[in-house]
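Please keep the sequence and the model in view while reading.

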Amino acid sequence: FYDLGSTGSGHFRMTVGDAMGKGVGPGLVAGAARSAFADAGWEADPSRILREVSDRLDGTLARAGSFASVFHAVVDPATGTGVYADAGQGLTHILRADGTVERLPPTGPPLGLVPGASWAQHPFSLAPGDAVLVPTDGLLDLHGGDLGVLATAMTECRKLDDTDKAVRALCDRRGKSVVLDDITAVLFQRT
């Protein structure tokens with residue numbers, strides 16, 4: 001699941017999550033998680049929002065025997081400064097305009113995995129031309145489950161001038177091993 005929008009202060013917000021498993025059960029968990037984010041509101045810091053969402057979902061996730069990985073960030077589009085909290089997602093990368101790739105590490109466990117967990121919040125910055133790419137683990141699976149291979153693929157796709165074409169190329173399944181998981185990728189580029 002993903003949700004994109006703006007806060008009352010004009011910052012861009014992005015949330016990308018993935019419920020463990022396949023089928024109806026994880027789909028319901030993803031829906032509950034997305035609703036919990038909407039109910040928590042969007043004005044709090046990312047770490048606080050993850051805490052509130054976790055409190056709302058702990059019972060649901062325990063009953064389902066599931067967990068969800070989530071990346072949530074807020075970016076000031078005027079300055080490129082942002083903060084994020086990452087609940088076990090760990091696949092978010094900053095694609096720098098100079099062609100380098102920087103991974104944003106997780107700041108705590110997935111939602112529902114450790115009752116009472118908390119999440120740190122980390123800053124990041126985007127210069128003009130930089131982008132944040134937030135994929136689900138299906139994209140990692142598509143690239144052989146190897147973070148290094150995924151980072152190389154991101155670097156290669158970054159060479160394309162059109163960001164939409166770059167994301168499509170990164171997510172292209174043709175000629176690759178069969179991936180049964182969904183592939184979601186959200187790209188935010190600062191212009």
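## Basis and terms

Buried means under 20% relative accessible area, exposed means over 50%, and partly exposed lies in between, with a 1.4 Å probe and protein chains only. At 0% relative accessibility, Val70 counts as buried.

The model is predicted: local features need pLDDT of at least 70, side-chain atom pairs count only at pLDDT 80 or more, and totals for chains, interfaces and linings use all residues. Residues are numbered from 1 along each chain as its sequence is written, and side-chain values use heavy atoms, with hydrogens and water left out.

Helices (H or I, at least four residues) and strands (E, at least two) are DSSP runs, numbered from the N terminus. Contact, or touching, means heavy atoms within 4.5 Å.

## Two nonpolar cores

A nonpolar core is a set of buried Ala, Val, Leu, Ile, Met, Phe, Trp, Tyr and Cys residues joined through side-chain atoms within 4.5 Å. The largest one holds 22 residues. Phe37, Leu50, Val53, Leu57, Val70, Leu111 and Trp119 touch the most other members. Two or more residues come from each of α1 (24-40), α2 (46-64), β3 (68-75) and β4 (81-87). Helix α1 gives the most, with six residues. Apart from this core lies another, of 16 residues, including Leu140, Leu142, Ala153 and Leu170.

Which residues does Leu111 touch, not counting residues up to four places away in sequence? They are Leu50, Val53, Ser54, Leu57, Leu61, Phe67, Ala68, Val70, Ala87 and Trp119.

Strands pair if DSSP finds at least two bridges between them. β1 (residues 2-6) and β2 run antiparallel and are joined by five bridges. Asp3 has Thr15 in β2 as its bridge partner. The two strands form a hairpin with five residues between them. In the turn, Gly10 has a positive phi of about 85 degrees.

β2 (residues 12-19) is mostly covered, with seven of its eight residues buried. β2 also pairs with β3, in the antiparallel sense, over eight bridges. Here Val16 has Phe71 in β3 as its bridge partner.

Val70 is found in strand β3. Leaving aside neighbours within four places in sequence, Val70 is in contact with Phe1, Thr15, Val16, Gly17, Phe37, Leu50, Ala85, Asp86, Ala87, Gln89 and Leu111. The C-alpha atoms of Val70 and Val132 are separated by 15 Å, and the two residues are 62 residues apart along the chain.

Ser69 also has its place in β3. At 14% relative accessibility, Ser69 counts as buried. Beyond four places in sequence, its contacts are Val16, Gly17, Asp18, Ala87, Gly88, Gln89 and Pro110. Thr136 lies in the loop between β8 and α3. Thr136 is buried, at 3% relative accessibility. Neighbours within four places in sequence aside, Thr136 is in contact with Val16, Gly17, Asp18, Gln89, Leu91, Asp182, Ile183 and Thr184.

## Aromatic rings

Rings of Phe, Tyr and Trp (its six-membered ring) pair if their centres lie within 6.5 Å; planes under 30 degrees apart count as stacked, over 60 as edge-to-face and the rest as tilted. By this rule the count is five aromatic pairs. Phe1 and Phe37 form a tilted pair, 6.3 Å centre to centre with 45 degrees between the planes. Phe1 lies in the segment before β1 and Phe37 in helix α1, so the pair ties together parts that are 36 residues apart in sequence.

Phe1 counts as buried at 17% relative accessibility. Phe37 is buried too, with a relative accessible area of 1%. Phe1, Phe37 and Trp42 form one aromatic cluster. A charge sits over a ring if NZ of Lys or CZ of Arg is within 6 Å of the ring centre and within 35 degrees of the ring normal. The charged end of Arg13 sits over the ring of Trp42, 3.7 Å from its centre.

## Helix α5

Which residues of helix α5 (residues 163-171) are buried? They are Ala166, Val167, Leu170 and Cys171. Seen down the axis of α5, these buried residues fall within an arc of 125 degrees (taken from the directions from the helix axis to the C-beta atoms), so they line one face of the helix. On the other side of α5, Lys165 and Arg168 are exposed.

The buried residues of α5 pack against β8 (131-135), α3 (137-142), α4 (147-158) and β9 (185-189).
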